[in-house]
Amino acid sequence: MSEIVYDSTERLGFEEWLAFLRRAELGKFYPKRDWKQRVTRALANAGVTITARVGSELIGACTGLTEFSYFLFLTDVSVAKAHAGKGVEQELVRRAIEAAGGPEDITVISWAMPDAMPLYESLGIVPQDGLIAKDAPIPEWFNPGEAKS
């Protein structure tokens, strides 16, 4: 297998993100309403974006919101199915924390799906008392296989 190259300076575009979601598990966790517009805004406004590539192929990505002082909210962490379970996910999160300010200064928060809990727990990111949230109503979930560019 070729070397994995990580990058913290890339901004992903919608078309590449959609193609990536079709190779990963993440896409099914997006609300369907206004999907293209919302994802385009999310990609453009992420405070931290870490990508993982083999050659030119995007095999993993981690995005998050941060003020680069105290907190990093991980919004998306995903790896293409063919590369899952090989430590890419952990490396993406470690690099995102470093880009946000480093593990000594940054508290990491995420809205984790049950399948992602082992990943977060392996990095010391565990459920905490005192975190609160309000869900937006989601009438229908997105399916990347049905999406048109």
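Residues are termed buried when their relative accessible area is under 20%, exposed when over 50%, and partly exposed in between, with a 1.4 Å probe and protein chains only. By this criterion, 37% of the 149 residues of the chain are buried. The model is predicted, so that local features require pLDDT of at least 70 and side-chain atom pairs pLDDT 80 or more, whereas totals for chains, interfaces and linings use all residues. Numbering starts from 1 along each chain as its sequence is written, and side-chain values use heavy atoms, with hydrogens and water left out.

The chain contains 4 helices and 5 strands, taken as DSSP runs (H or I, at least four residues; E, at least two) numbered from the N terminus, and their order along the sequence is β-α-α-β-β-β-α-β-α. Among contacts (heavy atoms within 4.5 Å) with a separation of 6 or more, 67% join residues 24 or more positions apart.

Helix α1 (residues 14-21) packs against helix α2 (residues 35-45) at an angle of about 105°, the axes lying 10 Å apart; the two helices are therefore roughly perpendicular, a term covering angles of 65 to 115 degrees. In this packing, Phe-14, Glu-15, Trp-17, Leu-18 and Leu-21 of α1 meet Trp-35, Lys-36, Val-39, Thr-40 and Leu-43 of α2.

Thr-51 is located in strand β2 (residues 48-54) and counts as buried because its relative accessibility is 0%. Its side chain forms a polar contact with that of Glu-10 at 2.5 Å, where such a contact is a pair of N or O atoms within 3.5 Å, one able to donate a hydrogen and the other to accept it within protein, and residues adjacent in sequence count only if both atoms are side-chain atoms.

Methods: Axes are lines fitted to C-alpha atoms, for helices over the stretch in contact, and angles run from 0 to 180 degrees between N-to-C directions. Angles under 35 degrees count as roughly parallel, over 145 as roughly antiparallel, 65 to 115 as roughly perpendicular and the rest as oblique.
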